[in-house]
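Look over the sequence and the model first. The report then takes up a few local and chain-level features in turn.

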Amino acid sequence: MTEAIRVERLHKRYAAVHALRGVDFAVARGEFFGLLGPNGAGKTTLIGILAGLVRPTAGRAAVMGHDVRRQWRAARRSLGLVPQELVYDPFFTVREILWLQSGYFGHGRENRAWIEELLEVLDLADKADANLQELSGGMKRRVLIAQALVHRPPVVVLDEPTAGVDVELRQALWRFTRRLHAEGHTIVLTTHYLEEAEALCERIAILDHGSLRALDTKAGLLARHPWRCLCLELEPPDAALPEAVARLVTERDGGRVRLRLHRLHDQIGAVLESLRAAGVRVRDLHTEEPGLEEVFLELIHEGAPAQAAEAQA
Amino acid sequence: MSARPEPAGRGAAANLRGLYTLFEKEVLRFLKVVVQTLLTPVATALLYLVIFGGVLAAHLEVYPGVGYGAFLVPGLIAMTLIQNAFANSSSSLIQSKMTGNLIFVLVAPVSPLEFYLAFVAAAVVRGLLVGAGVWLVALLFVDLPLHSPALVLVFAVLSAAVLGALGVVAGIWAEKFEQLAAFQNFVVLPLSFLSGVFYSIGSLPAPWDRLSWLNPFFYMIDGFRHGFLGVSDAPPGLSLAVTAASLAVVSAVCLAMLARGYKIRQ
């Protein structure tokens with residue numbers, strides 16, 4: 001068994017909404033996996049099924065080989081969930097919360113050292129005896145992460161952990177999740193920030209309207225977008241462009257020109273040669289590769305059928 | 001802090017530590033607001049004692065040889081005990097649902113039975129503490145016999161458990177504080193007030209005297225009072241049977257709701 005998560009023909013219907021429409025995928029052990037999609041795509045429902053918060057209408061889901069319905073205790077012990085909302089229990093201190101959460105998972109005194117280590121690592125030691133109500137949003141977010149890790153789950157699911165978080169904390173959370181991954185945890189990250197998925201995830205699934213639109217490596221997804229940008233600074237600034245170049249222009253501000261090139265049909269060399277032949281001098285140039293954002297928007301807007309099956313192969 | 005493989009043999013076994021921790025959390029929760037959860041109900045019960053006991057003591061003798069104060073105090077203890085057992089589990093659950101922190105228990109390997117036992121046991125503890133508080137303070141004012149400590153304890157625990165389980169049912173069912181308040185004010189409060197706390201149901205006019213025999217709270221309070229006074233409206237065996245049956249019915253409903261994940265798992 002090498003899979004941390006397996007989801008097969010998973011459906012979830014609410015009264016009026018078909019939130020998941022037969023989703024299939026697997027996450028390998030030790031993988032850093034991204035789950036992307038617009039609002040209402042079904043990401044939180046999918047995570048909810050893995051964590052036991054949502055009951056699937058059909059299909060099956062397993063965490064570390066444990067079916068989430070039939071072997072629910074083992075499945076829940078294998079998963080640590082960092083929820084999207086900043087939820088907390090206002091009656092308790094940080095240390096008490098971690099102690100209680102550890103107990104819910106069946107751990108006793110033997111876990112005390114681990115709780116203290118989590119407090120240190122997540123920079124919560126100074127606030128360990130503070131009530132949750134007294135903490136800032138960023139601190140509460142760290143407590144949620146500590147709670148998810150308190151039973152040492154091999155699989156950690158972070159549901160939009162950096163939503164509404166300042167830049168400094170976002171960087172700190174990125175460092176921490178990278179560390180968890182480096183230490184052997186399987187990480188599943190849902191995010192609205194494509195930059196975040198691009199920076200962290202090895203493979204990415206894109207969900208939309210309850211269906212898997214794509215599942216591929218980061219490089220594989222990026223390769224689906226055939227465009228790249230060529231940015232030029234021309235001399236003279238008002239130079240007339242030959243037709244072969246003019247048709248590629250997407251933006252022009254005096255001598256600064258931005259061109260969109262098709263990977264297969266438009267060559268940078270040919271563009272430069274046309275300009276030289278027209279007597280236009282290139283003072284500077286650079287290229288910009290597409291980001292996940294372009295791929296994401298293209299997939300979501302085109303409404304293409306799921307290509308998950310081929311991507312998984 | 002590396003990912004650790006799952007220990008073998010921890011798959012399906014009961015999570016007793018989880019059960020105990022959830023119970024501990026529920027007890028700690030009400031101990032953190034002890035003025036609200038313990039002292040206030042004791043003070044309220046004493047107000048009833050002062051007002052009703054003081055005014056009526058000279059005029060009423062409910063059972064031969066039993067003064068009104070001695071009649072009233074066991075009823076007050078039982079009423080305070082069951083109302084607080086209900087309040088403990090219901091308010092904790094509705095708060096956890098409204099603030100969203102119930103998720104921390106729902107993601108844990110805690111079974112419906114373990115969840116039920118933890119909440120009901122904590123409700124029983126709060127009920128017993130409040131009941132003991134009312135009793136101790138009432139002893140300053142009333143000379144109260146203790147006919148059968150075992151019967152008192154059995155009825156106290158069973159009654160608190162019934163209302164603790166009913167509190168879980170109401171806490172799961174209610175989606176807003178307003179709905180829970182309605183359940184408390186239109187179900188729990190009338191049934192407990194109309195259960196013979198302040199009077200013997202034999203003194204009620206028809207049809208209220210007969211209708212009182214349909215109120216399960218009457219048997220809880222009547223049996224509890226029998227433990228103190230040795231006399232009661234209903235035979236203590238009948239009261240015990242009705243209270244135990246009430247516990248079985250409410251617990252079955254509660255466990256069925258938890259097992260289905262009714263209103264707590266989507």
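Leaving aside neighbours within four places in sequence, Ser91(B) is in contact with Arg29(B) and Leu180(B); contact means heavy atoms within 4.5 Å. Ser91(B) sits in helix 3 of chain B. Ser91(B) and Ala160(B) are 69 residues apart in sequence, and their C-alpha atoms are 15 Å apart in space.

This is a predicted model: local features need pLDDT of at least 70, side-chain atom pairs count only at pLDDT 80 or more, and totals for chains, interfaces and linings use all residues. Residues are numbered from 1 along each chain as its sequence is written, chains are lettered from A and ligands numbered from 1 in the order in which they are written, and side-chain values use heavy atoms, with hydrogens and water left out.

## Helix 3 against helix 6

In chain B, helix 3 (residues 68–99) packs on helix 6 (residues 149–173) at an angle of about 25°, with the axes 7 Å apart. That makes helix 3 of chain B roughly parallel to helix 6 of chain B (angles under 35 degrees count as roughly parallel, over 145 as roughly antiparallel, 65 to 115 as roughly perpendicular and the rest as oblique). Axes are lines fitted to C-alpha atoms, for helices over the stretch in contact, and angles run from 0 to 180 degrees between N-to-C directions. Helices (H or I, at least four residues) and strands (E, at least two) are DSSP runs, numbered from the N terminus.

Helix 3 of chain B contributes residues including Leu81(B), Phe86(B) and Lys97(B). Helix 6 of chain B answers with a set that includes Ala156(B), Leu163(B) and Trp173(B). By class, the contact of these two helices has 14 nonpolar, six polar and one charged residues. Ala, Val, Leu, Ile, Met, Phe, Trp, Tyr, Cys and Pro count as nonpolar, Asp, Glu, Lys and Arg as charged, and the others, Gly among them, as polar.

## The A–B interface

40 residues of chain B are in contact with 47 residues of chain A. The area buried between the chains is about 3,900 Å², and carbon and sulfur atoms give 58% of it. Buried area is the accessible area (1.4 Å probe) that two parts lose on being put together, summed over both.

The rule finds three salt bridges across this interface (a side-chain nitrogen of Lys or Arg within 4 Å of a carboxyl oxygen of Asp or Glu). Arg73(A) and Glu114(B) meet in a salt bridge through their side chains, at 3.0 Å from N to O.

## Backbone in chain A

The peptide bond from Glu235(A) to Pro236(A) is cis, with omega near 0°. Pro236(A) lies in the loop between strand 11 (227–235) and helix 9 (243–246) of chain A. Arg9(A), in strand 1 (residues 3–13) of chain A, has a positive phi, near 45°.
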